[in-house]
Amino acid sequence: MGEDEDNRQVLSPVMIRPEDAADVAAVRRLVTAAFGRADEAELVDRLRPDALALVAIEGGGGAVVGHVMTSPMRGADAVGLAPLAVAGPFRRRGVGARLVEAAIAAAREAGHGGVFVLGDPQYYGRFGFRADVAARFGCRYAGPHLMALELRPGALGPGGTVDYHRAFGG
């Protein structure tokens with residue numbers, strides 16, 4: 001075996017499910033570690049009452065290894081996807097992608113017209129997020145990193161002004 005094969009970590013299967021009350025402390029630790037500070041974990045706590053939160057659970061031990069939220073956008077029939085956090089050993093292994101896909105599917109199932117995200121265009125572009133769709137909207141985060149995904153053709157309309165949930169302001 002080569003060096004890469006010897007160092008390869010075998011991961012247990014990961015299950016995606018809605019966050020429950022028993023996950024809150026683990027999610028706080030995960031989000032704080034993923035972002036290197038508590039600000040995003042505090043945002044998660046402020047969003048929780050109005051958001052859909054999903055967790056990725058390691059199959060073997062049941063540990064929370066990933067987390068994503070969607071919360072209502074102001075000014076559009078859409079949700080904002082944020083924050084997304086994955087534990088270090090589980091990054092670049094598809095956990096984040098599975099969380100994003102599950103969040104998009106949940107937004108579609110709930111009947112929302114679209115999903116906005118503020119992030120890396122290369123990463124989120126592979127899920128169908130586009131900056132030109134978001135550019136139809138005025139937003140304090142406007143620019144190449146604000147992207148939107150229409151869940152039904154024309155569902156976001158011609159544009160307008162949007163903003164993330166009020167929790168993002170404080």
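Let's start at Asp77. Its relative accessible area is 37%, so it counts as partly exposed. One caution before going on: this is a predicted model.

Asp77 has a partner. It forms a salt bridge with Arg152, and the closest N and O atoms are 3.9 Å apart. Look at where the two sit. Asp77 is in the loop between β3 and β4, while Arg152 is in the loop between β7 (146-150) and β8 (160-161).

Next pair. Arg136 and Glu150 form a salt bridge, with 3.1 Å between the closest N and O atoms. Arg136 lies in the loop between α6 (131-134) and β6 (137-138), and Glu150 lies in strand β7, so this bridge ties together parts 14 residues apart in sequence. How accessible is Arg136? It is partly exposed, at 32% relative accessible area. Glu150 comes in at 23% relative accessibility. The cut-off for buried is under 20%, so Glu150 still counts as partly exposed.

Third pair. The side chains of Arg37 and Asp39 meet in a salt bridge at 3.8 Å, N to O. Arg37 has 44% relative accessibility and counts as partly exposed. Asp39 is partly exposed as well, with a relative accessible area of 46%.

There is also a network. Salt bridges link Glu19, Arg28, Asp45 and Arg48. The count for the model comes to 13 salt bridges.

Now helix α2, residues 24-35. Twelve residues. From first C-alpha to last, α2 reaches 17 Å, close to the 16 Å expected at 1.5 Å a residue.

Which residues of α2 are buried? Val27, Leu30 and Val31. Seen down the helix axis, the buried residues of α2 fall within an arc of 95 degrees, so they line one face of the helix. What do they pack against? The buried residues of α2 pack against α3 (39-47), β2 (52-58), β3 (64-72) and β4 (78-86).

The face of α2 pointing away from its buried side carries Arg29 and Ala33, both exposed.

After α2 comes Gly36. Its phi is positive, near 75 degrees.

To recap. Arg136 and Glu150 form a bridge at 3.1 Å. And α2 sets Val27, Leu30 and Val31 on its buried side, with Arg29 and Ala33 on the face turned away.

Key
Residues are numbered from 1 along each chain as its sequence is written. This is a predicted model: local features need pLDDT of at least 70, side-chain atom pairs count only at pLDDT 80 or more; totals for chains, interfaces and linings use all residues. Side-chain values use heavy atoms; hydrogens and water are left out. Helices (H or I, at least four residues) and strands (E, at least two) are DSSP runs, numbered from the N terminus. The expected span of a helix is 1.5 Å times one less than its number of residues. Buried means under 20% relative accessible area, exposed over 50%, partly exposed in between (1.4 Å probe, protein chains only). The arc is that of the directions from the helix axis to the C-beta atoms. Contact means heavy atoms within 4.5 Å. A salt bridge is a side-chain nitrogen of Lys or Arg within 4 Å of a carboxyl oxygen of Asp or Glu.
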